[in-house]
Amino acid sequence: MSESRNYETEAIVIKKTKLGEADRILTFYTPNFGKLEAVAKGVRRPKSKMAGHLELLTYSHIRLARGRNLDTIIGSQTIDSFMPLKNDLWLTSQGLYTAELVNQFTSAHLANPNLFKLFTETLGQLPLTNSTELTLRYFELHLLDMVGYRPQLQECVACHAELKPVVNSFSPGAGGILCPECELRQPASFAISVDALKVLRLFQRSEFAVVGRLKIGPGLSQELKYDLASFIRYILEREVKSAAWLDALRDEIGQASQG
């Protein structure tokens, strides 16, 4: 039996690229088809009926027609526009950061329903939480787990001894934490505090709700950001572009609050 020419799916727009004068190539993340690319014809025209349903970080139900090279979007209807996220530049930048990570860490047509659920939950939670930074750390840690890069936080990745409550080291190259003895043989590692390791372990074994109950200081928050950013950068072998934008905005907000 031949494959149906048309199909439909839930999807979140994670990237868009101009094509010709009026079209776009959109990259979606979907629960059952993984990452997809498709053409949205005429979507850049002012009278396009689909344009509002196909914006970045919009969760929609889309219908597609299979094509030889790229499929074509033939219908779309918004499920959740995540407007509280989009109405705030800081939250939007954080949402775009999560979308870039999903794009960078996933392959086309490889379904991962749990990652789709994590992604939608994160976009919904960012405007509701008192700590968007912790929400991002939870997202990063669980994304890494779901795509096969779960860091080892329970024992030394070199000697497999149980980690003691002392300052240990994080080694992106080794894939997790090193004890003080093994750290000496891994120069490309950096110190991780007892509290930072506790938070990462808590996140690794907990549901999303734990983020809202946790309160930490700015120093520990910065350490956690550095730990996971270093690991992500090592795996991708490049910088995450939207991370630099986030850092610049973070500095601006900090300066404004001091002014």
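I looked up Ser-60 and found it opposite Thr-78 in E5. This is a predicted model, in which local features need pLDDT of at least 70 and side-chain atom pairs count only at pLDDT 80 or more, while totals for chains, interfaces and linings use all residues. Residues are numbered from 1 along each chain as its sequence is written, and side-chain values use heavy atoms, with hydrogens and water left out.

Strand E4 (residues 59-65) runs antiparallel to strand E5 (residues 71-80), joined by seven bridges. Strands pair if DSSP finds at least two bridges between them. Strands (E, at least two residues) and helices (H or I, at least four) are DSSP runs, numbered from the N terminus. Tyr-59 faces Asp-80 in E5. Five residues lie between E4 and E5, which form a hairpin.

**Barrel.** E5 also pairs with E3, in the parallel sense, over two bridges. There I noted Ala-38 opposite Asp-71 in E5. I then traced the order: five strands close into a barrel as E1-E2-E3-E5-E4, with mixed pairing. On average, neighbouring strands of this sheet are turned by 50° against each other, direction ignored. H2 packs on the sheet and touches strand E1 (6-19), strand E2 (23-30) and strand E3 (34-40). Contact means heavy atoms within 4.5 Å. The direction of H2 makes about 105° with that of E1. Axes are lines fitted to C-alpha atoms, for helices over the stretch in contact, and angles run from 0 to 180 degrees between N-to-C directions. Helix H3 (residues 113-125) lies across E1, E2 and E4, at about 60° to E1.

**Helix H2.** I checked its span next. H2 (residues 89-105) has 17 residues and reaches 24 Å from first C-alpha to last, close to the 24 Å expected at 1.5 Å a residue. The expected span is 1.5 Å times one less than the number of residues. Of its 17 residues, 14 are buried (under 20% relative accessible area, 1.4 Å probe, protein chains only). Asp-88 caps the N-terminal end of H2, with a side-chain oxygen 2.9 Å from the backbone nitrogen of Trp-90.

**Rings.** I found ten aromatic pairs in the structure (ring centres of Phe, Tyr and Trp, its six-membered ring, within 6.5 Å; planes under 30 degrees apart stacked, over 60 edge-to-face, the rest tilted). Tyr-138 and Phe-203 are edge-to-face, 5.6 Å centre to centre, with 70° between the planes. The pair links Tyr-138 in helix H4 (residues 132-146) to Phe-203 in helix H6 (residues 194-205), 65 residues apart. Tyr-138 and Phe-203 are both buried.

Note on methods. Buried means under 20% relative accessible area, exposed over 50%, partly exposed in between (1.4 Å probe, protein chains only). A polar contact is a pair of N or O atoms within 3.5 Å; within protein, one must be able to donate a hydrogen and the other to accept it, and residues adjacent in sequence count only if both atoms are side-chain atoms.
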